[in-house]
Amino acid sequence: MASSSLDHTLTLDIPFETEAQASIAMRVLQPDPILRPQDFEVTYSTRGASLVVSVASVDDRVLRVGVSNIIDSIKTIVETADELSLQQ
Amino acid sequence: MVNLNTVPPRNNRDYYIAIGLEGSANKLGVGVIKCSRSAHMASGDNSHNCDVEILSNIRNTYVTPPGEGFLPRDTARHHRNWCVRIIKQALEEAEIKNPHLDIDVICFTRGPGMGAPLHSVAIAARTCSLLWDVPLVGVNHCVGHIEMGREITKAENPVVLYVSGGNTQVIAYSENRYRIFGETLDVAIGNCLDRFARTLKIPNAPSPGYNIEQLAKNCKNKDSLIELSYTVKGMDLSMSGILAYIDTLAKDLFRGNKKNRLLFDKETGEPKVTVEDLCYSLQENLFAMLVEITERAMAHVNATQVLIVGGVGSNTRLQEMMGQMCKDRANGKVHATDERFCIDNGVMIAQAGLLQYRMGDYVKDLSETVVTQKFRTDEVYVSWRE
Amino acid sequence: MILPQFPDYEINVSLYENVQNAADIQSRVAELPYAFIDANMICSVEQLTAAIYRTLMESTYNRLRTKTLHSEVLLALSPTSNIGEAFKKFGVKSTSERLIVVQINENGSQKIDDSLVQGDSVEFKDENLQSYCDVDAIRKVYKLDKSFQSNNTSDLSRALVDAIQLRGL
Amino acid sequence: MSQEIVDTVTKYLTPNIPIKQISQGAEAVVFTSSAHPYLPTPEHDADGKPLQYIIKYRPPKKYRHPIIDRQLTKHRTLSEARLLSKLFLIGGINVPKLIATDPYNGCLWLEFLGEDLPNNSGFSNLKNFLWANVNDPYNDVVKSTLIKVGEQIGLLHFNDFCHGDLTSSNIVLARDDTQSNDWKVFLIDFGLGSMSKLVEDKGVDLYVLERAIISTHSAFSDKYNEWIIEGFSNVYNKHGKGGETKLKEVLKRFSDVRMRGRKRTMIG
């Protein structure tokens, strides 16, 4: 019932340097629960070196706020990966 | 029997290295500690005496303009902006070249605190853990303060007064938990001082409480006091009424409300009371209440030591009053940690987290790393003490 | 008798029955260096000695409300701070047949003048006091309402001692 | 340092009153004495042993401002004395007898209650009593005693009084002879007590005691707290519909206070 009304959707495709980094980003993001699952859904997956974020929401506003928070977290992950990855 | 050496250090080292990340309020802190794996830690109750060496302790505080408090969203943004830079700086200062080999555990604050700032730091902690393949430990912020305080002061079993922006608790250890004997029934002491500082429109740097303390020191009329209610309820206390009342006084003083006879002379209309007097009376009253509930807990559990932790613990007047109480009470000793460790920092998270890690208690699945705003001190199972 | 906390005061208490000259004594109360108490209003030794204790306490901390220690004893017995009332309720009446005489000497000892009260001197002790105290009058003066049920003198006495300690505080 | 306190008290009570310190609470030092402040002949118990008396002294606290200290000492000494006197007048409530009050020096004389428990288990307050029964924690004597504890608190609250510091050390058990299992329950230490009709104060009282039991007897606290509430409810339920309604209000607030305590937002 609930998911049928989540008709505002968006898919983000975020390229990382390596497949491993994309997978790390997915695992970092996955654990956090969504505050209002009836209004907002998100799934994380990877395609090659890309992180794929699929979002569905009840309206544009909720979608915007939710996506903005996710992007904030992804920025931290990207910066961490860039600056703090182990030197080969 | 407590064995703190169950998990061996990585890379065949004879010492542990832990990094701690703290960001539950407006302070972002990262610290790296080193701790030898000495034989005496394998048995007995030595968690207060781990020979910790602090390799780095970096902090960055989000300071708001006078009259403003810090909001979760803005604080989280501050932490995100600084987090990686601070971690990098802490690693460099600690001369960590290869975190995969040189670090045993990444410790981060899981709560209590403001959700958004906690989360922003947890994201960085998880990423580091996966990048470096180093285990994670989620730490209770209050337990971090307690363990750091015990290590710094070598206080074995103190009654802990935890006083900060969000917490006012009297805690004592019993049967593997830090149990709360008394606490505020409404606002926290630090919050109370912060809010009064906002009414006074005094600067938030270095901290509102520090500036109130300086004003109180400059009070010219220490022989008299503005009468405030004294609201100790058993081992608990209430502060919201006192705050509301003194806030009204301050506002009347600024507005020049001559009808307030307590503030203005009936004949001349001259003010009888200064901002310094208000700060002095507020501190004297609130701190007397804090010391009293601490003494009550000491009497209840037969303790002779007190440890003050949390940001308000760096107030010298509070330390002085606590010291006097302990002195009069069977020559007990007060152990105020020094300011570097009273104020939120990463080292304390590393210290508590490392103890937990050495008992084999670390994150097995990232779902255990979800942060929580509400996380009571007595929820943590303290495996590292008898 | 000496109260341990106030060793400088020597206290004498005498109890008389079949008193003949109550009216005479009452007319001279102001000039005689004693406190005269109607024994019907006293149900136990502790009731009176608690009042004496309070008197010496107030004296030590300069808080006497009356001119002499003897008049202060009468006030101390009373649950209210009205001195006239205290004398009326607890002091000697022209019709009193049983009397307690209290003498407090600061520094040095004196005896109660044997010829003062014309009556039979008996021991000042609980059994004697209980046998003739007027429980109803006492309850009324100390405003003990019906909800307080004192089945024995010791409960009654305890309530009076409480009232004596806390008057005016 | 507490020698300084002993010296001060000795000076003020004079050496004619022998004192022995038995405890140093947070705000008061408690002594026993064989001397009565004003009774001319010594009192004895049923076995002919001379009675002891309690002297509860609130020393000046140097850590706090002298104005706050004087006010608190006087206020608490007097308020404790007043409460003891009022509570005695209510049938069924057991509190120590008030012997003398000295608000000028922060001193109360009280009746001595309780005994030393067998096997070095300490003085017979509820805390030590429960420890003494740790090997058989749910025995009938423990149960009936805890129900009586609840009844005392119930009587207190039903009559609109609150204790303000209800811990297991502030509940004293006394019995007529050392063979008896019939403990009489006394509430002591009313320094923070008050007359109060507020459900909130009553809820906090119950919460404070519950937490005291949890923190010192955590393994058995569920049952213990249940028995206390059983006794507490007995008192209210004796007063018909009105009593039951009042009981519901107090217990509701008690659980609210508990939830607040557990879930209070705590920001680092």
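The largest nonpolar core of this predicted model comprises 147 residues, of which B:Ala18, B:Val105, B:Ile106, B:Cys107, B:Phe108, B:Leu290 and B:Leu354 touch the most other members. Within chain B, helix α8 (residues 275-301) is the element that gives the most to this core, contributing 14 residues. Because domain 1 (10-150 + 342-379) and domain 2 (157-340) of chain B both supply residues, the core lies between them.

B:Leu354 illustrates the packing. Leaving aside residues up to four places away in sequence, B:Leu354 touches B:Tyr16, B:Ala18, B:Ile33, B:Cys35, B:Val105 and B:Cys107. Another core, of 117 residues, lies apart from the one described above; among its members are C:Leu56, D:Tyr38, D:Ile54 and D:Trp109.

Chain D contains an open sheet of 5 strands with antiparallel pairing, arranged in the order β1-β2-β3-β5-β4. At its edges stand β1 and β4 of chain D; each has a single partner strand, so one side of each is left without a neighbour in the sheet. On average, neighbouring strands are turned by 20° against each other, direction ignored.

| Edge strand | Residues |
|---|---|
| β1 of chain D | residues 20-24 |
| β4 of chain D | residues 98-102 |

Inside the sheet, strand β2 (residues 29-33) and strand β3 (residues 53-57) of chain D run antiparallel and are joined by 5 bridges. D:Val29 has D:Tyr57 as its bridge partner in β3(D). Helix α2 (residues 66-89) of chain D packs on the sheet, where it touches β4 and β5 (107-111) of chain D. The direction of helix α2 makes about 155° with that of β4(D).

Note on methods. Residues are numbered from 1 along each chain as its sequence is written. Chains are lettered from A and ligands numbered from 1 in the order in which they are written. This is a predicted model: local features need pLDDT of at least 70, side-chain atom pairs count only at pLDDT 80 or more; totals for chains, interfaces and linings use all residues. A nonpolar core is a set of buried Ala, Val, Leu, Ile, Met, Phe, Trp, Tyr and Cys residues joined through C-beta atoms within 7 Å. A residue is buried if 20 or more other C-beta atoms lie within 10 Å of its own, exposed if 12 or fewer, and partly exposed in between; C-beta atoms are placed from the backbone. Helices (H or I, at least four residues) and strands (E, at least two) are DSSP runs, numbered from the N terminus. Domain bounds come from an automatic or database domain assignment. Two residues are in contact if their C-beta atoms, placed from the backbone, lie within 7 Å. Two strands pair if DSSP finds at least two bridges between them. Axes are lines fitted to C-alpha atoms, for helices over the stretch in contact, and angles run from 0 to 180 degrees between N-to-C directions.
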